[in-house]
Amino acid sequence: IESEDLIYNNREELPKMIRSLTNKFRNRFRYFFGKGSEWLSFEREETSLVRLDAMSKAAADLSGQPLEVMHGTYGIFGQGTAAQPQHNSRRRLSNALPNGGCEITWPQPPQKPYETAYAAS
């Protein structure tokens, strides 16, 4: 999954992002689960939507909390305050946006120029 596939800017874009990811998984793993499998049913998409929406709200609630505060269900931490230094020991996958979306912060695509290397087997 590319980092661009995980970006959504507001609550209205979240279902589209989930549907896109679900379709990618269906296509990539169809050989493994079979064509008629219900492992990625539309009901599960709705469950994902509810969970991601709740996680975005929890992340927004923690945005002003100290770094030591952790949400028990989602394992996300407070983002600290301006007076509190950010520690580089923990990578954040995303930052909560005030409108319920998220900004992906890691992994970031490599900066150009970069070399492409191929491994021979």
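Which residues make up the largest nonpolar core? In this predicted model, the set consists of Y8, L14, M17, I18, L21, L49, C102 and I104, 8 residues in all. Two elements, α1 (14-33) and β2 (102-104), each supply at least two residues of this core. The largest share, 4 residues, comes from α1.

The protein has 121 residues, and buried residues make up 24% of them. Its accessible surface comes to about 9,200 Å², with 54% of that area belonging to carbon and sulfur atoms. Among contacts between residues at least 6 apart in sequence, 29% join residues at least 24 apart.

Charged side chains come next. A search of the whole structure finds 5 salt bridges. One of them pairs D5 with K24, and the closest N and O atoms are 2.7 Å apart. Because D5 lies in the segment before α1 and K24 in helix α1, this pair ties together parts that are 19 residues apart in sequence.

A second salt bridge joins the side chains of D53 and R11, at 3.2 Å from N to O. Here D53 lies in helix α2 and R11 in the segment before α1, so the pair ties together parts that are 42 residues apart in sequence. D53 is buried, with a relative accessible area of 13%, whereas R11 is partly exposed at 32%. D53 also forms a salt bridge with K57, where the closest N and O atoms are 3.5 Å apart. D53 and K57 are 4 residues apart in helix α2, so about one helical turn separates them. Together, R11, D53 and K57 are linked in a network of salt bridges.

Helix α2 (residues 42-61) also contains F42. This residue is partly exposed, with a relative accessible area of 48%. Not counting residues up to four places away in sequence, F42 touches R19 and R26. F42 and R19 are 23 residues apart in sequence, and their C-alpha atoms are 8.7 Å apart in space.

Key: Residues numbered from 1 in each chain as written. Predicted model: local features only at pLDDT ≥ 70, side-chain atom pairs only at ≥ 80, totals over all residues. Heavy atoms only, no water. Buried < 20%, exposed > 50% of the residue type's maximum accessible area, 1.4 Å probe, protein only. Contact = heavy atoms within 4.5 Å. Core = buried A, V, L, I, M, F, W, Y, C linked by side-chain atoms within 4.5 Å. Areas by Shrake-Rupley, 256 points an atom, 1.4 Å probe, with all protein chains shown as cover. Salt bridge = Lys/Arg side-chain N within 4 Å of Asp/Glu carboxyl O.
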